[in-house]
Structures are given as structure tokens and as C-alpha cells.
Amino acid sequence: MRTSKEYRDMACESLSGKWGFGAIALIICWIIVGTPATVLNYQSDVQIGQLWGIAMLPLTWGYVVMWLDVVRKNEVNYGSLFDGFKDYLRIFLTLLLTGIYTFLWMLLFIVPGIVKCYSYSMTSYILKDNPDMKYDAAINESMRMMQGNKMKLFLLDLSFIGWFLLCILTLGIGLLFLYSYVNAAHAHFYEDLKAGEE
């Protein structure tokens, strides 16, 4: 596996000419997921807004796996964000199950919960590359791939901490670009994991 700096450099290269695209894609996601959720939460005593956010899991999935196409130099456009709705139940139920498992681990202790987050972190990419795989099969495959690699991904995430602090200074505007940076680096990380098994 490469160093964190190498993954960041690869992400920057993949993002050349696509920084604006990534920022607009994120804004689209925030508007579709965040705006109705905020309005519904404000107008209702029950957390209907949270249910909306959960229902939109395939959209957030589309944003994450879109970066696989970017790093693979495939054609990508804003329509890619909605690919998860073409296979809604498989994507939705698998990600919901992942969220439930993570939540249950978090109830035990924070650290085991974080470890499990990293164990499950490749699930979205696996769903994209394996159209017939779903539920526990995809989650278990992610756990297998991440065996011995969780700390490497954690260190990669940790290497972005300086950029995150800079985003705070920009009142959050920098997050529009940081999300692209992180997700492109994660996509390259997955590509290396996958290549190492071929």
C-alpha cells in the first residue's frame, strides 16, 4: 500500500479540472438531502426529516462511488449521483444494515464502533463493482478487504486534519473541495486494495 501523501497526490491529480464539478455535486446532494430534512424536522414533532435522510442513502452512495469513475478516468456527470436509485433496494438496504451494525457497535464503546466503521468502509465501492452482491455479503467482503488495512485508512484520514482546520477558517466553504479530495483519495485506496487481490 502507498503512503498517505501518495494517496493525496493521486487524488489531486485525479481532481485536476474537476474541483468545481465535485463542489457542485456536493451542493446538489446537500440541497436534496439537507433542505427537505431541515424543513421536515422544523415542522414536525417526530424526526421525519431524519427518515428522509435515510431514504436518500442511495444519493449519498452515488456521490461516494462517483469518485471511482473519476479515478478510473471514466466519463462522469451529475447524473451519476442518482445511479443508486436504479438499484434502490439493494443499495438502500445494504447501507441501512451497515448503519445499524455501526450504531450497535457504537452503543458498546466508541473505539470498537470506529474500528467497525473502517471495517465497513469499502462496502459502497463493493456494491458498485459487484451488482449481484448485497447485504451481509457486501459488508463481509469489505471487512475481509480491510483486514490489516484499517489503520492505513485511518492514517490517511488523519492526514487531512490540517485541511479540515483550514475549512473551519473559511466558515465551511472549503468543505466543498475537501469532500472531493477525501473521497478521491479513498477511491484510490480501494483501487489499490482491489488490485492487490487480482
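Helices are DSSP runs (H or I, at least four residues), numbered from the N terminus. The model is predicted, with local features requiring pLDDT of at least 70 and side-chain atom pairs pLDDT 80 or more, while totals for chains, interfaces and linings use all residues. Residues are numbered from 1 along each chain, and side-chain values use heavy atoms, without hydrogens and water.

Next, select residues 57–71, the whole of α4. From first C-alpha to last, α4 reaches 22 Å, close to the 21 Å expected (1.5 Å times one less than its number of residues). Because 12 of its 15 residues are buried, α4 is largely enclosed by the rest of the structure; buried means under 20% relative accessible area with a 1.4 Å probe, protein chains only.

Within α4, pick Asp69, which counts as buried at 12% relative accessibility. Beyond four places in sequence, Asp69 touches Asn74, Glu75, Val76 and Lys128 (heavy atoms within 4.5 Å). Just after α4, Lys73 takes a positive phi of about 65°.

Now display the largest nonpolar core, of 47 residues, where Tyr63, Met66, Trp67, Met122 and Phe189 touch the most other members. Such a core is a set of buried Ala, Val, Leu, Ile, Met, Phe, Trp, Tyr and Cys residues joined through side-chain atoms within 4.5 Å. Helix α11 gives the most to this core, with 11 residues.

Finally, centre on Met122: leaving aside neighbours within four places in sequence, its contacts are Ser142, Met146, Leu153, Phe189, Tyr190 and Leu193.

Methods. Helices (H or I, at least four residues) and strands (E, at least two) are DSSP runs, numbered from the N terminus. Buried means under 20% relative accessible area, exposed over 50%, partly exposed in between (1.4 Å probe, protein chains only).
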